[in-house]
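Good morning, and thank you for coming.

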Amino acid sequence: MNHTTARNRPRTAAGALLATALSVTSAACGSSEQPLAAPEAYQAANGIVLKGPIGSGRKADPDKPVELTADSFEGRITDVTAVDATGRYLAGELSADGRRWHSTTPLAGNARYTVRVSTVDEDGAPGRKVLNFATGKPTAKHLLNVKFGPKTGTYGVGQPVTAELNTPVKSPAQRAVVERALRVESTPAVAGSWHWVDDKELHFRPREYWPAHATVQVRSNLEGVKVGDRLWGGRGEPLELTIGDKVVALTDAGSHRMTVYKNGEEIKSLPVTTGKPGFDTRNGVKVVLAKERFVRMRGTSVGIAEGSAESYDLPVHFATRVTWSGEYVHAAPWSVGSQGVANVSHGCTGMSTENAEWFFDNVKEGDVVEVVNSDGDMMETFGNGFGDWNLDWDKWKSGSAVGGSAGAPTPADRARLSPQSL
């Protein structure tokens, strides 16, 4: 486990200051992490105390900060590590003279903390002290719950992780508290970041597509954490995803062909037709949302008046959905003569029934479908499916409340909530 020293740990601004009334037990110790050379070293930290009633049986108020002082100790504090029983780290700030440390991020409610303090006395002799305290149950009336998506299963390399909150979070400081508590770990490890879609929804994606055959584990450390005034983190069910083969379908609307790649190798080239003028297919990266063996497609669902020249009502087979507004890759036997030659659809990508069945059988949710050289607009980033990949990495990270890559957490991020990198 890597520890950051208190004097080098960056300052943090998330959350309101928290606080005192502590039920504390202390024990001088020389641990295997930092052995002490002489018995005198064990006594070097005797003057280090946590503010609050020691041995009173009372619990710390999670609405207030923890404060550690060197009141009767001739020396200074050099390092403080505070962690609760679930592995959540508590960030703090050490005064310039090493005489006082206080927490700078919210404590969890109804939790038990272990605080390890390192010191040096006026002669440079090291000391160690371990303090324990418990926090009381939050008194807030509102809990912030999170629901992760998609459902547990196997997905393609383009599948974002989603987090839906039951209560809006607007404050940047509160968003930072929430985001740091939502943990994504992948094997192999990747650099990734959350992006706030709106006040109640976040998406997580790596810088590049997920590695093929990766395992992705998602969990929330929000429970018991103060988010804002009278708002505390609630429970969230963990999620595990498996990433399958890397399947990318590249549709060139100019040449009327779709080329399908699997793990970087071309496996199929298909003649297609895309949207005609006025109904041009969206450009950009989309992600497979669902597969439907039969769909009845009506022009009225996309705003075409029934009975007009563009009206249609067709039975469609092997339909692979890429937008919620109705864009599919599907069988279009009525346009086989135009496939590979011209764009004649109302926005979908059409192909022969045989080719559509092959495509349907060889793609899964989360696989990537990209369209280039269409006269259509760019795929919407959010709200009409997963257009997340159409934002470059810098713009994606700008939607994070903590502004960093979750694949390479800063020392301050490690100290705030979790010792594990993503």
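E327 has a relative accessibility of 5%, and because buried means under 20%, E327 counts as buried. Please keep in mind that this is a predicted model. Which residue does the side chain of E327 meet in a salt bridge? The partner is R282, with a distance of 3.1 Å from N to O. R282 lies in the loop between β23 (265-271) and β24 (284-287), while E327 lies in the loop between β26 (313-321) and β27 (328-331), so this pair ties together parts that are 45 residues apart in sequence. R282 itself counts as partly exposed, at 22% relative accessibility.

Let me turn to another pair. The side chains of R293 and D361 also form a salt bridge, at 3.9 Å from N to O. Here again distant parts of the chain are linked: R293 belongs to strand β25 (residues 290-298), D361 belongs to helix α3 (residues 353-362), and 68 residues separate them. D361 is partly exposed, with a relative accessible area of 46%.

A further salt bridge joins the side chains of K364 and D367, at 3.1 Å from N to O. Is D367 buried or exposed? D367 is buried, and its relative accessible area is 0%. Salt bridges with shared partners also connect R282, K286, E327 and E380 into one network. The count of salt bridges comes to 11.

I now come to the strands.

Consider strand β15, residues 192-198. Of its 7 residues, 5 are buried, so β15 is largely enclosed by the rest of the structure. β15 pairs with strand β16 (residues 201-206) in the antiparallel sense, over 6 bridges. A hairpin of 2 residues joins β15 to β16, and G192 stands opposite P206 in β16.

Finally, there is an open sheet of 4 strands, in the order β2-β3-β7-β6, with antiparallel pairing. Which strands stand at its edges? They are β2 (48-50) and β6 (92-94); each has a single partner strand, so one side of each is left without a neighbour in the sheet. On average, neighbouring strands of this sheet are turned by 15 degrees against each other, direction ignored. Within the sheet, β3 (residues 67-70) and β7 (residues 100-103) pair over 3 bridges in the antiparallel sense, and E67 has H102 in β7 as its bridge partner.

Thank you for your attention.

Conventions. Residues are numbered from 1 along each chain as its sequence is written. This is a predicted model: local features need pLDDT of at least 70, side-chain atom pairs count only at pLDDT 80 or more; totals for chains, interfaces and linings use all residues. Side-chain values use heavy atoms; hydrogens and water are left out. Buried means under 20% relative accessible area, exposed over 50%, partly exposed in between (1.4 Å probe, protein chains only). Two strands pair if DSSP finds at least two bridges between them. A salt bridge is a side-chain nitrogen of Lys or Arg within 4 Å of a carboxyl oxygen of Asp or Glu. Axes are lines fitted to C-alpha atoms, for helices over the stretch in contact, and angles run from 0 to 180 degrees between N-to-C directions.
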